[in-house]
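Good morning, and thank you for coming.

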Amino acid sequence: MRRRELVLLLGGTMIATHALRAQQKATPLIGWLSSFSAPRNLDDLSRDPAQQGLRETGYVEGQNMAFEYRWAEGHYDRPAALAADLVSRRVDAIVTSGGTPTALAAKGATSTIPIVFTAVGDPVRIGLVASLARPGGNVTGFSNITIELMPKLLELVSELVPQAGVIALLVNPLAVLKAGTESEIDAAFASLVQLQAGSLAVDPDAFLLSRRAQLVALASRHAVPAIYPHRQFVAAGGLISYGIDDAVVNRQAGIYAGRILKGAKPADLPVQQPTTFELVINLKVARELGLTVPPSILARADEVIE
């Protein structure tokens, strides 16, 4: 091959390589930082409401955007390292799921990459944003009202189990019935007998949600009527739940992420508070516990599982 042809060939290869790199760089990459465990069926991720929200803004995974997923699996000592890893991957935005630990970890890892959080109780108090209306900086998202919801959970379980003289509260890591590990969950249920608790309210916590199968099984074994903050518990065989509609929040987070990819700044996107809540009741479990569900609860239920 003559020298001129070789130079032209090399030059063409370099141009093609640069064009490929430019095309790859143009594909937005979103980091997904979750307190939870990865779903057993990874195909479920494509049906996540967050991806629906992104599609509504014109972004489809595998076509014109991509995800980098990181899962803390209910361990609060992991999000910081996972967030730092996402930053090293040069993602274009980070969406956090599972409350305060992942949101704080993401903010601690970067002050420039846009962050959209979900399920954070008081983002102003913990320093995530300057205010709800004007977040400032690189962080915005969707808060929840965990503290305000607890009286509603207690009201519902009292209505469902009026004979319960004592209602226990399972939290992590505050002290009522402490459960920060799987063994502590077992011990907490064992102590319900000593407390003579007639029912149980479970705190909205990422670790407890990640151990919902264990919690539901223990509630069944000990015949304890329990109310949960997420419908996933009831879907797993729990009695009743009342809380934020996670699907609505995740879809909105996807919309925010899409708007950010299109050029919106987190500082200009107000933090939104939940407006949609859902009450789910499992009648089969109620019958197994010998409970008659009051018509007032059935009338208010968004979903009844037979």
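**A pocket, its salt bridges and the core**

The second largest pocket holds about 150 Å³ of space. Please keep in mind that this is a predicted model, in which local features need pLDDT of at least 70 and side-chain atom pairs count only at pLDDT 80 or more, while totals for chains, interfaces and linings use all residues. Residues are numbered from 1 along each chain as its sequence is written, and side-chain values use heavy atoms, with hydrogens and water left out.

A pocket, on a 1 Å grid over the protein atoms alone, is an open set of points where a 1.4 Å probe fits, with protein on both sides within 12 Å along at least five of seven lines; lining residues have an atom within 4 Å of a point. Grid points are joined across faces, edges and corners, and the volume is the space filled by probe spheres set on the points.

Which residues lie nearest the centre of the second largest pocket? Of its 13 lining residues, they are Val216, Ala219, Ser220, Gly237 and Val285. Helix H8 (212-221), strand E9 (226-228) and helix H11 (283-288) each supply at least two residues of the lining, and H8 gives the most, with three. Helices (H or I, at least four residues) and strands (E, at least two) are DSSP runs, numbered from the N terminus. By class, the lining has nine nonpolar, three polar and one charged residues. Here Ala, Val, Leu, Ile, Met, Phe, Trp, Tyr, Cys and Pro count as nonpolar, Asp, Glu, Lys and Arg as charged, and the others, Gly among them, as polar.

Let us turn to the charged pairs. Side chains of opposite charge can pair when their charged atoms come close. A salt bridge is a side-chain nitrogen of Lys or Arg within 4 Å of a carboxyl oxygen of Asp or Glu, and the whole structure has 11 of them.

One of them joins Asp85 and Arg70, at 2.7 Å from N to O. Asp85 is in helix H3 (residues 79-88) and Arg70 in strand E2 (residues 66-71), 15 residues apart. Is Arg70 buried or exposed? Arg70 is buried, with a relative accessible area of 12%, whereas Asp85 is partly exposed at 25%. Buried means under 20% relative accessible area, exposed over 50%, and partly exposed in between (1.4 Å probe, protein chains only). Both residues belong to a network of salt bridges that links Glu68, Arg70, Asp85 and Arg89.

Another salt bridge brings together Arg300 and Glu159, at 2.8 Å from N to O. Arg300 lies in helix H12 (residues 295-300) and Glu159 in helix H5 (residues 146-160), so this pair ties together parts that are 141 residues apart in sequence.

Finally, the interior. A nonpolar core is a set of buried Ala, Val, Leu, Ile, Met, Phe, Trp, Tyr and Cys residues joined through side-chain atoms within 4.5 Å. The largest has 44 residues, and those with the most contacts inside it include Ile30, Leu54 and Ile281. Beyond its neighbours within four places in sequence, Ile30 is in contact (heavy atoms within 4.5 Å) with residues including Leu54, Phe67 and Leu261. A second, separate core of 22 residues includes Ala168 and Phe189.

Asn282 is buried, with a relative accessible area of 6%. Not counting residues up to four places away in sequence, Asn282 touches Val234, Gly237, Gly238, Leu239 and Ile305.
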